[in-house]
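Reader: I would like to learn how to read a structure like this one. Please start with its surface.

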Amino acid sequence: MDIISNEDIQILNEAIKSANTFCIITHRHPHLDAICSCLAVYRYLSFIGKEANYIEIIINKYNSKFNFIKGIELIKSTPSLLKYDSIVLQEKY
C-alpha cells in the first residue's frame, strides 16, 4: 500500500475545497465494497458542506442484489450535469 504524504493530503483538500460539482464513478460491474465506497465519498462531500444537487454517483450497471444498501437510490446510470469540477474514481484492485 502506498503511503499518502501530508503534501498529497493538502493538495486533495484544496482540490475538494475549490470544486463545486463532483462525479463519483467506479469500475464496471462493481462489487459491494466499490458501491459502498462511492456512497461514503458522497456522504463525506455532503458532510463538509458540498451541495448534494451537485454531487453525482454514476454507475451504469450494478447487481440488483445490492438494492438493500442505504443510499443506493442516489446512484444514477447516466450523468445529468454537462461538466464536473472534480471526478472521483474508485479503482478496482
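Author: The protein chain exposes about 6,900 Å², and carbon and sulfur atoms supply 55% of that area. Accessible areas come from the Shrake-Rupley method with a 1.4 Å probe, and for residues only the protein chains shown count as cover. This is a predicted model, where local features need pLDDT of at least 70, side-chain atom pairs count only at pLDDT 80 or more, and totals for chains, interfaces and linings use all residues. Residues are numbered from 1 along each chain as its sequence is written, and side-chain values use heavy atoms, with hydrogens and water left out.

Reader: What share of the 93 residues is buried?

Author: Buried means under 20% relative accessible area, exposed means over 50%, and partly exposed lies in between (1.4 Å probe, protein chains only). Here, 31% of the 93 residues are buried.

Reader: Which pattern does the protein chain follow along the sequence?

Author: Helices (H or I, at least four residues) and strands (E, at least two) are DSSP runs, numbered from the N terminus. The protein chain has two helices and four strands, in the pattern α-β-α-β-β-β.

Reader: Where is Ile48 found?

Author: Ile48 is in the loop between helix H2 (32–47) and strand E2 (55–58). Ile48 is partly exposed, with a relative accessible area of 37%.
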